[in-house]
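Please read the points alongside the model.

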Amino acid sequence: MKILVTAKRVEDPESKIKVKPDGSGIVQEGLKYKINPFDEIGVEEGLRLVAKHQGEVVVVSIGGKEVQEQLRHALAMGAHRAVWVNHTGPLDQLGIAGLLQKVAEKEKPDMVILGKQSIDDDQNQVGQYLAEFLGWGQATFASKVESLESEQEKNKVPALVIGADGKTVRVIREVDNGLATLECQLPAIVTTDLRLNQPRYASLPGIMKAKSKPIEELTPDKLGVNVTPAIQVLKMSSPPARKAGIKVADVPALVEKLHNEAKVV
Amino acid sequence: MPIVLIIAEQQPDGNLRKATYNAIGAGKQLAEKAGGELHIALVGKDPAKAADELKGYGAKAVHVGAAPELEHYLAETYAPALATLVQELKADYVGMAATAQSKDLMPRLAARLRAAMATDVMGFNGSGADVTFSRPMWAGNVFAEVKLTTPVKAFTLRATEFPAAQGGQGAAEVKTFTPKVEASKTKFIDFKEVKSARPELTEARVVVSGGRGTKGDFKEIEALADELGAAVGASRAVCDAGWVPNDLQVGQTGKVVAPALYIAAGISGAIQHLAGMKSSKTIVAINKDPEAPIFQVADYGIVADLFKVLPELRAELGKLK
Ligand SMILES: Cc1cc2nc3c(=O)[nH]c(=O)nc-3n(C[C@@H](O)[C@H](O)[C@H](O)COP(=O)(O)OP(=O)(O)OC[C@H]3O[C@@H](n4cnc5c(N)ncnc54)[C@H](O)[C@@H]3O)c2cc1C
Ligand SMILES: Cc1cc2nc3c(=O)[nH]c(=O)nc-3n(C[C@H](O)[C@H](O)[C@H](O)COP(=O)(O)OP(=O)(O)OC[C@H]3O[C@@H](n4cnc5c(N)ncnc54)[C@H](O)[C@@H]3O)c2cc1C
């Protein structure tokens with residue numbers, strides 16, 4: 001089983017994001033970067049699947065030289081190889097999915113696992129674009145039903161189960177008002193929700209090994225994809241700040257405010 | 001004249017999702033700004049009844065596409081079915097309320113139409129051919145103004161940012177179309193609904209949410225919610241622990257709510273949580289820690305133990321009746 005997993009570089013979710021005064025972007029100074037948390041979950045899921053079914057996990061990231069950091073992180077977790085699509089400058093979903101399509105056609109994986117959304121743009125689109133471009137089935141928002149914090153987490157029903165004939169994957173998805181189960185013919189696209197698994201830490205030997213694992217370099221030109229964006233981010237601004245409220249002394253005071261001032265009860 | 005097509009969403013029981021009405025409200029705003037006209041679309045196994053309900057909402061036409069293969073929602077079958085209509089109508093804009101279904105479907109439909117897309121749109125700026133979309137990024141820390149330059153422009157709409165369209169505005173023509181049916185590589189297996197007697201989180205007037213501070217004991221949260229006829233919400237910490245269903249998660253990667261009153265008990269106020277509730281009209285925070293970031297967005301805060309405050313609050317509110 002070959003699983004291709006995407007690894008986007010994003011700002012650390014703990015970072016304080018500030019808009020530049022001219023609205024042209026965000027203030028970069030002092031920011032730390034990470035692999036998109038959803039993609040880290042994807043790497044973990046890929047590793048668990050190949051541990052069960054043999055095979056390899058290949059990670060792919062699109063961006064400048066710096067995205068190699070995220071690829072090394074995934075390699076240190078245990079991914080076998082990496083593909084780096086070297087491109088600087090803005091890319092939109094059409095461009096990203098177009099590049100991933102070419103990488104998938106080259107690698108011929110049984111499954112591509114992506115994050116459901118990236119925590120910078122929050123677009124939640126790339127996996128679905130890719131599924132359509134490839135003409136594959138899609139199961140978005142894969143999620144585990146049981147607690148992630150419990151001791152027996154590893155033994156419980158996983159959200160991704162490969163069929164006995166190795167030709168399908170059954171996926172539990174988190175949707176509004178409940179859980180949906182789908183069965184996709186392989187190859188298929190799966191996107192991860194946060195509760196799918198808890199990613200492992202990269203071990204020290206893992207980090208050492210990652211240094212010698214191969215990273216293949218590609219470019220949009222080599223892949224023959226025109227990546228001129230069709231989305232223009234014209235301006236960024238800070239959302240209107242909420243006025244800081246007041247602290248009330250006790251419950252009667254709170255109810256008085258809610259009743260007479262805010263008039264919501 | 002630009003055509004704005006809003007796709008209505010049916011729940012598994014056949015009823016229309018309430019957020020559809022907000023999406024129609026948004027579609028009207030967009031049609032006005034773009035100088036165009038509003039159309040509504042609905043596909044499924046038997047969507048005629050739901051389509052009938054949409055006649056009075058001011059659209060030029062309601063387009064209905066029925067096929068037995070569309071019984072269970074699948075992105076793979078719904079996308080081609082809707083693509084036929086977008087192409088026949090030559091729609092310029094195609095949008096839908098942001099829900100789990102539209103977030104699965106719309107990008108697949110957009111990809112088929114080679115359209116650029118904006119997720120969770122909160123408003124429109126500009127006019128004519130220069131209409132732009134405003135949407136949140138980085139967990140709502142940034143609002144971006146974006147322009148889509150493809151001939152067809154796709155988007156999902158954050159329902160809480162648009163007033164629901166009101167009925168009684170004449171009767172739109174209901175037109176049927178034949179949706180393209182394609183074989184799907186994906187099979188629907190089942191849907192397990194999480195049933196609740198309480199109102200839906202995204203539609204409730206009041207939401208009572210609990211965080212890790214509850215240590216998993218939601219009895220008081222639920223009791224207060226029932227006193228107020230409110231929905232119950234939760235932080236991700238609580239969902240991850242398996243204390244409550246994931247469906248209740250409010251935030252950047254959960255649901256976005258904007259009720260008249262949001263009560264956060266034992267929630268620290270991480271930016272990812274704030275992203276889902278910051279637009280609430282009135283926010284109440286109950287937290288032991290006076291430095292908890294939630295107090296920076298709360299209109300009213302109480303620094304105290306939630307297990308003491310919640311029963312008292314319930315009793316005190318009971319007195320108002
Ligand atoms: C400051 C800033 C400015 C921008 N300006 C523009 C602009 O002018 N024009 C424009 O078109 N776009 C612009 N973008 C957006 C663009 O760069 C997006 O990152 C891109 O469109 C992909 O969308 P997404 O990250 O929202 O994907 P989502 O659909 O939210 O991501 C889902 C998943 O797709 C995968 N994925 C996404 N991107 C990558 C990647 N690079 N490598 C590997 N996997 C990936 C990941 O698995 C991710 O979890 C800008 C973004 C930023 C942060
Ligand atoms: C990629 C990503 C996406 C995320 N998406 C979301 C999301 O959508 N929604 C979300 O909520 N989070 C999300 N998070 C998680 C988020 O960062 C926080 O970890 C989470 O919101 C914390 O939950 P909490 O406030 O319940 O817990 P904590 O941060 O542990 O806070 C518990 C609070 O309870 C208080 N407390 C404890 N006991 C009591 C008591 N007896 N009475 C009163 N107060 C008490 C404490 O003072 C503390 O402030 C995301 C994180 C990441 C990395």
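Helices (H or I, at least four residues) and strands (E, at least two) are DSSP runs, numbered from the N terminus. This is a predicted model, in which local features need pLDDT of at least 70, side-chain atom pairs count only at pLDDT 80 or more, and totals for chains, interfaces and linings use all residues. Residues are numbered from 1 along each chain as its sequence is written, chains are lettered from A and ligands numbered from 1 in the order in which they are written, and side-chain values use heavy atoms, with hydrogens and water left out.

1. A:Pro187 is located in the loop between β10 (178–185) and β11 (188–192) of chain A. The peptide bond that joins A:Leu186 to A:Pro187 is cis, its omega being near 0°.

2. Two residues other than glycine have positive phi: A:Gln54, near 65°, and B:Arg114, about 50°. A:Gln54 sits in the loop between α1 (37–53) and β4 of chain A, and B:Arg114 in the loop between α4 (100–112) and β5 (116–121) of chain B. Most residues other than glycine have a negative phi, and most peptide bonds are trans.

3. Ligand 1 lies between chains A and B. Its oxygen atoms make polar contacts (N or O pairs within 3.5 Å): one is 2.3 Å from a polar side-chain atom of A:Lys8, and one is 2.8 Å from a backbone N or O atom of A:Val126. The protein buries 88% of the 940 Å² that ligand 1 exposes when taken alone (Shrake-Rupley method, 1.4 Å probe).

Key
Near = heavy atom within 4 Å. Polar contact = N/O pair within 3.5 Å; in protein donor to acceptor, adjacent residues only side chain to side chain.
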